[in-house]
Amino acid sequence: MVGQKASDKVGECICILEELYGLPEVDEIDPVDLLVRTILSQNTSDINSLRAFASLKRAYGDYESLLSTRAEEVAESIREGGLAEIKARRIQEALLRIKSDRGAIEIGFLRGMEKEAAMSYLLSLPGVGPKTASIVLLFAFGMPFMPVDTHVFRVSQRLGLVAPGLSPEKAQKALEEIVPPERYSSFHLNLISHGRLVCRARGPKCEECALQGCCDFFLQGQKP
């Protein structure tokens, strides 16, 4: 119903989404690979970013060789992902900082850190914001962060799980307070699926949405 408290409705939303999309399986991935892949995903589609990442891995046998290559050449290898020059520079700068800090291009040391300290370190890297850092910490290290991408942000606002006008960073904090930590991964991935397939930015398929009963956007009769 309209006005239902976010903390009361989130469990219902989680259950409905898991019935629709299941419990997503998350493949193990090298943390640095995930960091690079997530930087490549910024402001582009998954299809294009995954193609760019595959191209990057084919072009460079390891990240040391990537660091020793001119940024212009790295950009050519990730052209499909969009914003190639910016992302090539960000990737090289982030990897160089890690190497300078740790003596090697690896971030496994984050596993033994307190979650906020691990977040702080990743945010200190060039080109890494809260969403990118949260994805790496959640999916590579199992730390309880709830990444908020454009789909998660849009759908959670329409559902009424986060207040209107919040920034994505504040929306993340709000969701982390009401979503059970063991469901961060499921809820994040299923909200993305739902945002792509049903609760689209333009032309949301409200009439066929399984979340109608707990969606403020639908129950208040708002127009897409």
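Biologist: How do the residues of the lining of the largest pocket divide into nonpolar, polar and charged?
Modeller: They divide into twelve nonpolar, 15 polar and nine charged. Nonpolar covers Ala, Val, Leu, Ile, Met, Phe, Trp, Tyr, Cys and Pro, charged covers Asp, Glu, Lys and Arg, and polar covers the others, Gly among them. The model is predicted: local features need pLDDT of at least 70, side-chain atom pairs count only at pLDDT 80 or more, and totals for chains, interfaces and linings use all residues. Residues are numbered from 1 along each chain as its sequence is written, and side-chain values use heavy atoms, without hydrogens and water.

Biologist: What makes a space a pocket?
Modeller: On a 1 Å grid over the protein atoms alone, a pocket is an open set of points with protein on both sides within 12 Å along at least five of seven lines, and lining residues have an atom within 4 Å of a point. The largest pocket holds about 1100 Å³ of space. Its lining has 36 residues, and Ser 41, Asp 46, Ile 135, His 188 and Ile 192 are the closest to its centre.

Biologist: Why is Cys 199 called buried?
Modeller: Buried means under 20% relative accessible area (1.4 Å probe, protein chains only). Cys 199 has 10% relative accessibility, so Cys 199 counts as buried.

Biologist: How many disulfides are counted?
Modeller: The count is zero. A disulfide is a pair of cysteine sulfur atoms within 2.5 Å. For Cys 199, the nearest cysteine sulfur is that of Cys 215, 6.2 Å away, and Cys 199 is in no disulfide. Cys 209 is in no disulfide either, with the sulfur of Cys 215 nearest at 6.2 Å.

How values were computed. Buried < 20%, exposed > 50% of the residue type's maximum accessible area, 1.4 Å probe, protein only. 1 Å grid on protein atoms, 1.4 Å probe; cavity = no way out; pocket = protein on both sides within 12 Å on 5 of 7 lines; lining within 4 Å. Points joined across faces, edges and corners; volume = space filled by probe spheres on them.
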